[in-house]
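Open the model in a viewer and keep the selection panel at hand. The stops below each give something to select and then say what is there.

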Amino acid sequence: MPDLPPPILSPASTALHMGAAMRDLSPAYETTAAIHLDGLTRRFAAGGTLALDGVSLDVAPGEIFGIVGRSGAGKSTLIRCVNLLERPDAGRIAVFGQDLLALDEPALRAARRGIGMVFQHFNLHTRRTVSENIAFPLEIAGLSRAEIRARVAEILPLVGLEAKRDAWPAQLSGGQKQRVGIARALASRPKILLCDEATSALDPETTAEILELIRGLRDRLELTVLLITHEMGVVKAICDQVAVMEAGRIIEQGRVFDVFTRPDQPTTRRFVAEVIGHSVPPSTIARLPPPRAEEIRRLAQVVFAGPHSTRAVVSEASRDFGIDINIVSGRVDEIAGEPFGVMALAAYGPAAAVEAGFAWMRGLGLTVTEIEA
Ligand SMILES: Nc1ncnc2c1ncn2[C@@H]1O[C@H](COP(=O)(O)OP(=O)(O)OP(=O)(O)O)[C@@H](O)[C@H]1O
């Protein structure tokens, strides 16, 4: 058994241990996770499809956790459950051990201040300046004007917007608007940041800047970040862990490097292919020699990662299985500083030998995906 850190006690359970009189006596949820979701289900209409179909996941403190899926997979419904903007029909939600579904309204409002949220379309008040937008949740929370001024002054430099403090949203670029959205989400000093397609309305360069900003804020403020996206590039850029959703379920989950280099489910493979790619141009395929009589030609993408990634796989396969291997393309990529290689190979030989060669590579833990020739 690995040594596990002690469970985090919820504020409610701490209060109970201290004998403090508290109105909220929600039960402690024994978990070390920052966000713990257990068996969430949500159906919007009787007889309709399940938007969430028994989703369980744990996000560790300090992690950037990405949920990726196509439109309609259930991502928005899921992330909105974490701050109870959406209530699940069944299941449990614990944030730092606090059982959210057991809280009454005032306690829930307090818990929500610990969970910031960033939206795709920024959702700024057009008639409030940058500073006034950031101040908005603090006004709702009832902070004094002096406290609000101090808090806004503290946050503006974190998102690089000091010079824009008195600007109106209409005077800002998309990236600057999202910086305001992030600043507003951080105004109440949350420990959790939820990002709902936070970069989907931005161009690629601005997307990279905003993702870098989120990662920096995670490090600096020790945030836990849960984000949803339909772009695997976002996951590759900043996430530590990823879960893939389809039809209201999580179909695959793991460390980003592992999911990218060894995707299991067909949907995950398609998502990964969008980023690391395996297309060989038809003109390149057309120039490849045809197989000899009684032989076949198979094109495949091979991802080299793990303990055998530096082995002379191509020459070993060629020698041991009596096949010819033409290296069509190759490159090295990396995720969070961890390198992996991607090669497109054309293998020639008797069908059984080619199949056996690819099977041997798979046995080494390499990911071999056949490419349509
Ligand atoms: N308020 C609602 N009323 C009825 N059905 C809804 C509602 N919200 C979501 N749904 C349905 O629930 C399913 C999941 O939707 P959800 O928005 O969570 O998916 P998503 O993965 O976030 O997709 P998108 O990126 O398009 O928002 C879809 O079939 C959607 O039509």
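In which loop is R189 found? Select R189: the residue is in the loop between α6 and β7 (192-196). This is a predicted model, and what follows is computed from its coordinates. The phi angle of R189 is near 50°, a positive value in a residue other than glycine. R189 has 12 other C-beta atoms within 10 Å, so this residue is exposed.

**The whole chain**

Zoom out and show the chain as a cartoon. There are 13 helices and 14 strands in a chain of 373 residues, of which 38% are buried. The C-alpha trace spans about 85 × 50 × 45 Å along its principal axes. Of the contacts with a separation of 6 or more, 69% are between residues 24 or more positions apart.

**Helices α6 and α7**

Go back to the loop that holds R189 and step to the helix on its α6 side. Select α6 (residues 174-186) together with α7 (residues 204-221): these helices pack at an angle of about 20°, and their axes are 10 Å apart. An angle under 35 degrees counts as roughly parallel, so α6 is roughly parallel to α7. The crossing of α6 past α7 is right-handed.

Show side chains at the contact. On the α6 side are G174, G175, Q178 and I182, which meet T206, E209, I210 and L213 of α7. Sorted by class, this contact of α6 with α7 has 3 nonpolar, 4 polar and 1 charged residues.

Stay on α6 and select A185, which has its place in this helix. Is A185 buried or exposed? The threshold for buried is 20 or more other C-beta atoms within 10 Å; A185 has 24 such neighbours and therefore counts as buried. Leaving aside residues up to four places away in sequence, A185 touches G116, M117, V118 and L193.

Now select L84, in the loop between α2 (75-82) and β4 (90-95). L84 also is a residue other than glycine with a positive phi, here near 60°. With 17 C-beta neighbours inside 10 Å, L84 counts as partly exposed.

- β12 (residues 324-335) and β13 run antiparallel and are joined by 11 bridges. G330 has M343 in β13 as its bridge partner.
- β13 (residues 338-349) pairs with β11 (residues 296-304) in the antiparallel sense over 9 bridges. Here V302 stands opposite M343 in β13.
- β11 pairs with β14 over 5 bridges, again antiparallel. The bridge partner of Q301 in β14 is T369.

Centre the view on M343 of β13, which is the bridge partner of G330 and also has V302 opposite.

Then follow β12 to its turn into β13. This hairpin has 2 residues between the strands, and A336 takes a positive phi near 50° there.

**Helix α12**

For the last stop, select V314, found in helix α12 (residues 313-321). Which residues does V314 touch, not counting those up to four places away in sequence? The answer is I325 and I327. Both numbers fall within the range of β12, residues 324-335. V314 has 18 other C-beta atoms within 10 Å and is therefore partly exposed. Finish with a distance from V314 to P339: their C-alpha atoms are separated by 19 Å, and the residues are 25 apart along the chain.

Notes
Residues are numbered from 1 along each chain as its sequence is written. This is a predicted model: local features need pLDDT of at least 70, side-chain atom pairs count only at pLDDT 80 or more; totals for chains, interfaces and linings use all residues. Two strands pair if DSSP finds at least two bridges between them. Helices (H or I, at least four residues) and strands (E, at least two) are DSSP runs, numbered from the N terminus. Axes are lines fitted to C-alpha atoms, for helices over the stretch in contact, and angles run from 0 to 180 degrees between N-to-C directions. Angles under 35 degrees count as roughly parallel, over 145 as roughly antiparallel, 65 to 115 as roughly perpendicular and the rest as oblique. A crossing is left-handed if the near helix is turned anticlockwise from the far one by less than a right angle, and right-handed if clockwise. Two residues are in contact if their C-beta atoms, placed from the backbone, lie within 7 Å. Ala, Val, Leu, Ile, Met, Phe, Trp, Tyr, Cys and Pro count as nonpolar, Asp, Glu, Lys and Arg as charged, and the others, Gly among them, as polar.
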